[in-house]
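Dear colleague,

Please find below the structure that I am handing over to you. My notes on it follow directly after the display.

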Amino acid sequence: MQDALEVLQKRGFIEWCSHPEALSELFRTERVTAYIGFDPTADSLHVGHLIPIMGLAWLQKLGHRPIALAGGGTGMIGDPSGKTAERLLLTIEKVRENVEAVGRQLSHFLDFQAGQNSALLVNNYDWLGKISLIDFLRDTGKHFTVNYLLGREYVRSRLEDPEKSISFTEFSYSLLQARDFQHLFDTFGCKLQMGGNDQQGNIVSGIDLIRKTRGAEAYGLTYPLLLDSSGNKFGKTAGGAVWLSAERTSPYRFFQFWINGDDGQVEKLLKLYTFLSLEEIETLMALHRDHPERREAQRVLARQITATVHGEAAVKRVERASEILFGGGFEAADLDGELLRLLEREVPFSELPRRDGYALADLLVDCGACASKGEAKRLLRGGGLSLNGEKRDDERQDLAGSDLLAEGYVLVKLGKRRFHLVRFV
């Protein structure tokens, strides 16, 4: 077996690790089962989850067995780590919906049909939901002192601020996560828990519980918190989080997020978010350093991660959309229904009733592309309008039936960079 710890270290995944020499030896001598928990607080994961997901994916690629834990049980409590206020509690129905959605997204990264190292997807509600309070307090709570839990940074910070507090519900979260680790150790032989660097305390609780109750050694490691060049959490934009769900963040905007990445971070991102070898990344970065203006490193990164999350066909569509919006010329034949539906979310869009004898000047006003008919006519006379990639300069011209693309769309381009998409219904 390969030393997965060494691979993860070289690619920048590891912030902290318990007993690194012993864990390294474990990776070399046996197939290690490792898990990461994902609390289903939303119906989609986001870019911030990609480091732990790729960590699991790399373990599987190296011959080990990953477990993705959807926190259907802990998600009903809410992890207080890194939080300054009590979370809103979700209903059990909402948690179940989110667990199903998260599971579908994880399947893009993990292989659940890979034989001996097939990935597993488990839901901790299946065991936490069956434990009585008395059993939990006797079997788990007994092994943790209040002093131990008060040592958690997120507990101290909430207690020290008079305007904030922490409920017993959130105070007990670390014990629930420890019980998860113990259950996976007993059921699947899971010896390693991984997570973000805000999870170190919770991971240590699980290691302690296994040692006290099973007399066995378990391990933990955490990933670094990735920040952008402004010091903000990576994956947060002015519009909010960058989601893996196409409904929340379109494939086009997802692709553009990576294309627009900072030069100073792109090498680190290639190591964390792709399966390219370190040699391939070094070759790519050498080309990038010679011609940074081409942004080829960012383009490779965007292609790789967008293909994993949304598929190869989506990459082709978003690249074609980018060429249309930023690259200049195109023809009506380039604009099929799927591409037009993608553009509908990225450029100003209007729906108008279909009618005969629709003057182009009226169309430009009715869809909101021009403020007045005078402005529209001036634009036409000046040759600043194209319809589906074809120049139009006759202010008296009407829209013809042959101008309608698939599903009744018309793509209007005003000047060099301004677009408006119209769908006739």
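Is Glu338 buried, partly exposed or exposed? Glu338 has a relative accessible area of 43% and is therefore partly exposed; buried means under 20%, exposed over 50%, and partly exposed in between, with a 1.4 Å probe and protein chains only.

Two remarks on conventions come before the rest. The model is predicted, so that local features need pLDDT of at least 70 and side-chain atom pairs count only at pLDDT 80 or more, while totals for chains, interfaces and linings use all residues. Residues are numbered from 1 along each chain as its sequence is written, and side-chain values use heavy atoms, with hydrogens and water left out.

Salt bridges

The structure contains 24 salt bridges, each defined as a side-chain nitrogen of Lys or Arg within 4 Å of a carboxyl oxygen of Asp or Glu. One of them joins Glu338 to Arg317, at 3.5 Å from N to O. Since Glu338 belongs to helix 17 and Arg317 to helix 16 (residues 312–326), the pair ties together parts that are 21 residues apart in sequence. Helices are DSSP runs of H or I with at least four residues, strands are runs of E with at least two, and both are numbered from the N terminus. Arg317 is partly exposed, at 25% relative accessible area.

A salt bridge of 2.7 Å (N to O) connects Arg214 with Asp186. This pair links distant parts of the chain, with Arg214 in helix 11 (residues 200–214) and Asp186 in helix 10 (residues 173–188), 28 residues apart. Both side chains belong to partly exposed residues: Arg214 has 37% relative accessibility, and Asp186 has 41%.

Asp394 and Arg396 also form a salt bridge, their closest N and O atoms being 3.4 Å apart. Here Asp394 is partly exposed at 28%, whereas Arg396 is exposed at 70%.

An open sheet of mixed pairing is formed by five strands in the order 9-15-14-11-12; two strands count as paired if DSSP finds at least two bridges between them. Strand 9 (349–352) and strand 12 (390–392) are at the edges and have a single partner strand each, so one side of each is left without a neighbour in the sheet. From one strand to the next, the twist averages 30°. Helix 17 (residues 337–344) packs on the sheet and touches strand 9, strand 14 (409–414) and strand 15 (418–424), contact being heavy atoms within 4.5 Å. The direction of helix 17 makes about 55° with that of strand 14; axes are lines fitted to C-alpha atoms, for helices over the stretch in contact, and angles run from 0 to 180 degrees between N-to-C directions.

Strand 14 is largely enclosed by the rest of the structure, because six of its six residues are buried. Tyr409, Leu411 and Lys413 cover one side, and Val410, Val412 and Leu414 the other. Strand 14 pairs with strand 11 in the antiparallel sense over three bridges, and Ser386 has Lys413 as its bridge partner. The pairing of strand 14 with strand 15 is antiparallel over six bridges, with Lys413 opposite Phe419. These two strands form a hairpin with three residues between them, and Gly415 in the turn has a positive phi of about 70°.

With kind regards
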